[in-house]
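Thanks for coming. I will take one structure and go through a strand, a sheet and a core, in that order.

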Amino acid sequence: MYQFAGPNGAARMAIVVPPLKDELHWLTSADPVSPDVGQLADEIVRRLNKHIASTRLLTLPEVADMLRCSQKSVRRMVRDGRLSAFKVAERILFKPDEVGALVSRSRVTYIN
């Protein structure tokens, strides 16, 4: 959460999604007075839309191919709670960062 001064000097708060926190660094610049609140809101919405558009969800076959396993195994991982998925219009979709997190959690240091 960021605090900034509104047009009349009153304190205002803005909630920023974590992936955008670094992009919106200008909110905490040395200048304590931020742009007009309407301009600020428009900028936040523009950056959120840009971030959402750049986040492409993966399909079940793509995840199975990435993990080099069967689609049935991926479905099992979802059922067991090891991997989260979304069902949109009868399609099972995955966030790329969650697939990456699964791989990171599965790291081993010793193999028999």
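I start with Val-88, a residue of strand β4. Keep in mind throughout that this is a predicted model.

In general, strands of a sheet pair through backbone hydrogen bonds, and the pairing can be parallel or antiparallel. Here there are three strands in an open sheet, ordered β3-β5-β4, with antiparallel pairing. β3, residues 58–59, and β4, residues 86–88, are the edge strands, each pairing on one side only. How many bridges join β3 to β5? There are two, and β5 covers residues 91–94. Across that pairing, Thr-59 sits opposite Leu-93 of β5.

Next, the inside. Nonpolar side chains tend to be buried together in soluble globular proteins. In this model the largest nonpolar core has 10 residues, among them Leu-58, Val-74, Met-77, Phe-94 and Leu-102. Which elements give two or more residues to this core? They are α2 (60–67), α3 (71–80) and α4 (96–105). The most comes from α2, which gives three residues.

Last, one core member, Met-77. Leaving out residues up to four places away in sequence, Met-77 touches Leu-67, Cys-69, Arg-82, Leu-83 and Leu-102.

Notes:
Residues numbered from 1 in each chain as written. Predicted model: local features only at pLDDT ≥ 70, side-chain atom pairs only at ≥ 80, totals over all residues. Heavy atoms only, no water. Pairing = 2+ DSSP bridges. Helix = DSSP H or I, 4+ residues; strand = E, 2+ residues; numbered from the N terminus. Core = buried A, V, L, I, M, F, W, Y, C linked by side-chain atoms within 4.5 Å. Buried < 20%, exposed > 50% of the residue type's maximum accessible area, 1.4 Å probe, protein only. Contact = heavy atoms within 4.5 Å.
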